[in-house]
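Colleague: I'm new to reading models like this one, and I'd like a close look at one spot before anything else. Could you start there and then walk me outwards?

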Amino acid sequence: MPPKPAEKFLLLFLKSELVEEVLGDLDEKFYRTIEKKSERRAKLNYWYQVFNYLRPFAFKFFKSNSIIPTMISHNFKISYRILLKNKLFSAINIGGLAMGMIVTILIGLWINDELSFNTYHKNYDQIVQVLRKNTELDGSISVNSSLVGQVGVFMKETYPAVFDQVGMTFFRSRAQLLSVGKQSFDKIGYFFQPDGPEMLSLEMMSGDIHGIDDRSSILLSQSLAKTFFGDNNPIGEVVNLNLQTDLKVAGVYKDIPNNSEFANATFMASMDLIYNEQNPYAWDNYNIRVYATLKDGVDLNEASNLIKNIMTPHRDSEDGPMELFLLPMKDWHLNAEFEDGIQVTSKRMLFVRLYATIGVFVLLLAFINFMNLNTARFQNRGKEVGIRKTVGSLRSQLITQFLAESTLYALASFILSIVIVWLILPWFNGISDKTLGIPWSNFTFWLTGILFTLLSAILAGSYPALFLSSFKPLNALSGTLKQGIASVRLRQGLVIFQFTISILLMIGTITVFNQIQHAKSRPVGYNQEDLITVRGRSDEFYEKYDVLRAELKRTGMVEEMAAANYPLMNTLGNNGGFSLRETGERIAFSFNTIFVSPEYGATTQWELIEGRDFSRDRDEVANVIISESAVKRMGLSNPIGSVLQSKWEFKGRKEFTVIGVVKDMIKGSPYEEPYPLMVFPTTWAMSFLFIRLNPEMGYVEALQKIQETFEATLPGHPFNYEFVDNEYSTKFRSEEKIGSLATFFSFLAILISCLGLFGLSAFVVEQRTKEIGIRKVLGASVPTLWKLLSKDFTVLVIISSALAIPAASFFLNIWLESYEYRIEITWWMYALAAASGFFIALLTVSYHSIRASIGNPIEALRSE
Amino acid sequence: MKESKLGDFEETILLLVGILGEDAYAFKIAEEFESQTKRPVSIGAVHSTLSRIEDKGFLTSAMGAASAERGGRRKRIYTITAAGQRALEISRELKMNLWNQFPAFADGKLNFGIG
């Protein structure tokens, strides 16, 4: 007897009309095999034959070989025709979903870029930066990356088994003047120890990665080499540094991509140029950044512990303790913020999360839209379902039809969104300061995209597919079909959700812009207009200060000129260790200490509140001017005449008398509390020059004259100037970036929500066409009808506002708390956002309701 | 959209149907195929091909007689249609034509160029 299980299995899938003949054939084969071979072989063969019937033609579920592709192509053909029939709704549907996808793709690319920061460097897993943790006298703990140069030297010499390479560079990478022949440019670059380039795994286009082992050599980035030498071979050419040192080009490396800590490195030169046998690294000058690579198998924490106390023997016992530790490269970009010495979630990381949330929400909005519009649209297709069922359509066929439709829409959206992303990426890169591109050849990208598309198709199509296909044909045809109250409630809920998100984003945008505006209009304590700054490079520049000043003033284009040892744009020069002579009390905070020429006040036009300004005609060596916040924090009621004692000597003195108080100058971040300022007068040479232009003269003429005079006085010194107000405005860039991105996202969110509302209102109006006709015939006026039709939606928007406002105040307060100088969120911001949300929604809905209200009632009644 | 060409395996099966005449049902055809070509084949493969050829219109089928060794079940007997006949002829003509153009065969004897 043939094996029963095999027979059962066969019957499981075999088409019923084939059963008789197949079983017969297999039996014959079975008995024939027993005759020829053995029963065991026959049974085995039976199984083999059964498995060989696993072919499409014999399967129950297939009517025939070719019906499946036909059905599918039929489904898509119908879908395509329906898409064309309702052009407006198709456009809203596809456009809305595409917008959501655009936002998600952009945010996805952005986040991917952030997360892959620094991965360009091959030693990504091994590179660490040395940081220090200081415990101040008042108990506060600060973390800083500026270190003394000896730390690096010590690490390399003492722990060769732990650190493979040690690279040191300056703490602040200032632009350096590079010149070849007559061309000269201010370029940011790094002075590195010989290990640097290899540690960063620079990709050499030509020359030697060890080039800067020789201190008279320089490595150029590909783009800088091109700027200087065009297509000629740059190797061996000479580049002059800061008008002083000639360096030989030893190599050219591929530009470091934007998402690297070292992206701005246009050149690398040897640190030995500055620190060498004559001028060794110090134990007390915190102006160096120290990087290292760990040897394979070295544990980060162990290495961190090894170097923890390097600084202890070299510090005053009076100063608080200092510990060193290592920060791995993967943490540099997104995890490098510390509070009280403990790693905390950084602002950047918060942004990554924020954008991820926005992306998810905007996509959700688009999904909801897609679903809402689809279900509304399918509602009008009850008749179609009825007819299809009457002529014999199976429920599964209807489901396939509806799913095919939503798949077609979703695919169209995906394609559209890719095209648009491709078109707007340059613009997006501009506002987000990135160099993103569509990863055309990235498999994961496409897979995710397609999966998302199919998911949205299924989500959006499933409701109509399952719900509509369940209709009884008679109900569907006789028009007694009504969607339950549940589905109406669901749709209203979705609209509320959409508008809540939109209003939330709107409030956010308004707040961000207000905060930026608030900081921008903050008084800076001096006059930025008509003020330019020039950085001196050569010794000659310092020597000729007086001549230059006299010459420039003589042109009539310059009101005043001054010099300082630090620019107006940062708070470099930090010194603590001061005390008040009267009380002998040590001042717990440190000052921003700068040295200026006596004309500094007249040039910057700072605002003197008390006392007097410096004067060139007096002996001012022992005098200082301090800022308002310094006075406040020291608690002085009568600051003029107070004497400050210093632990260290400043220009040979330790005691200084306060002769003036000025308004706080905002030199650091415009969002922070002002840093107490202490200004020392000097007539020594200093490298930052400030020139106040005569406001009565035109810029162009003035600058031209100044340049002529400058070049005549200092031949060979480039006149590279910067307007102070321009420089200052760069401080707002990162916030402005956030602002533009927030605007972009909320704009899209609102647009998506409005599209949804637009579509929904159209359907509601369409469904009530007859009602409107009858009402009109009975004498309803246009405003009454408009009110009737718009009321439902506007109620939803009001509910949304009520939900959005508390959520917004919660999130925005968290954001604002990260700024010391900030706005308060006021009621009008909420009101403005809610009102605009309401207005936009009303406008959207009104289009259809007004159109229906003013239409001819006869046509309304005659419809269908 | 109906396919009207004959594949190699299909052509062989079609010929076997012609050879077996009244006895042309899946099991017999499979057996005949194995004995003629010395190649193993499953009944399912033959059956699937038969139904495909039938779709192309080269075969018709009808349920035939039952027999005891089949457990009293009937068998499906396949018959070549006129179109099937024609398809076989075209295929043969095409091949003959090609063979005739083959220089080694053109004069009716093998010539491997040895001289």
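Why does R586(A) count as partly exposed?

Modeller: Happy to, and keep in mind that this is a predicted model. R586(A) has 14 C-beta neighbours inside 10 Å, which is why it counts as partly exposed. To be buried a residue needs 20 or more such neighbours, and to be exposed it needs 12 or fewer, so a count of 14 falls in between. Where is it, then? You'll find R586(A) in the loop of chain A that runs between β19 (578–580) and β20 (591–596).

Strand β25 (residues 677–681) of chain A is joined to β20(A) by five bridges, and here the strands run parallel. In that pairing, F595(A) stands opposite F680(A) of β25(A). A handy rule for looking at strands: in a regular one, the side chains alternate between the two faces of the sheet.

L373(A) has 26 C-beta neighbours inside 10 Å, so it counts as buried. Which residues does L373(A) touch, apart from those within four places in sequence? They are F89(A), I92(A), N93(A), G756(A) and G759(A). A460(A) sits 87 residues from L373(A) in sequence, but the two C-alpha atoms are 9.1 Å apart in space.

Now zoom out to the nonpolar cores. The largest one has 85 residues, and V103(A), V362(A), A366(A), I507(A), F745(A) and A749(A) are those with the most contacts inside it. Several helices of chain A give two or more residues to this core, among them α5 (87–115), α11, α13 (395–432) and α14 (443–468). Helix α23(A) supplies the largest share, 15 residues. Take A366(A) as an example: leaving out residues up to four places away in sequence, A366(A) touches G96(A), L97(A), M99(A), G100(A), M101(A) and I752(A). There is also a second, separate core of 51 residues, which includes Y190(A), I256(A), M311(A) and L327(A).

Helices can have a covered side as well, and α24 (residues 769–777) of chain A shows it. In α24(A), I772(A), G773(A) and K776(A) are buried. These residues cover an arc of only 100° around the axis, so they sit on the same side of α24(A). An α-helix has 3.6 residues a turn, so residues three or four places apart point the same way. The buried residues of α24(A) pack against α25, α26 and α27 (857–862) of chain A. After α24(A) comes G779(A), with a positive phi near 110°.

Helix α3 of chain A tells a similar story. Its 13 residues should span 18 Å at 1.5 Å a residue, and the end C-alpha atoms are 19 Å apart, which agrees. The buried residues in α3(A) are N45(A), Y46(A), Q49(A) and V50(A). Their arc is only 140° around the axis, so they too are on the same side of α3(A). R40(A) and R41(A) are exposed on the face turned away from that buried side. What covers the buried residues includes α1 (4–13) and α2 of chain A, plus α3 (43–56) of chain B.

That brings in the second chain. In the contact, chain A and chain B take part with 19 residues each. On the chain A side, the elements giving two or more residues are α2 (19–36) and α3 (39–51), and α2(A) gives the most, with 10 residues. By class, this side has seven nonpolar, five polar and seven charged residues. Chain B itself has five helices and two strands, running α-α-α-β-β-α-α from the N terminus. Of its 115 residues, 26% are buried.

Notes
Residues are numbered from 1 along each chain as its sequence is written. Chains are lettered from A and ligands numbered from 1 in the order in which they are written. This is a predicted model: local features need pLDDT of at least 70, side-chain atom pairs count only at pLDDT 80 or more; totals for chains, interfaces and linings use all residues. Two residues are in contact if their C-beta atoms, placed from the backbone, lie within 7 Å. Helices (H or I, at least four residues) and strands (E, at least two) are DSSP runs, numbered from the N terminus. Ala, Val, Leu, Ile, Met, Phe, Trp, Tyr, Cys and Pro count as nonpolar, Asp, Glu, Lys and Arg as charged, and the others, Gly among them, as polar. A nonpolar core is a set of buried Ala, Val, Leu, Ile, Met, Phe, Trp, Tyr and Cys residues joined through C-beta atoms within 7 Å. Two strands pair if DSSP finds at least two bridges between them. The expected span of a helix is 1.5 Å times one less than its number of residues. The arc is that of the directions from the helix axis to the C-beta atoms.
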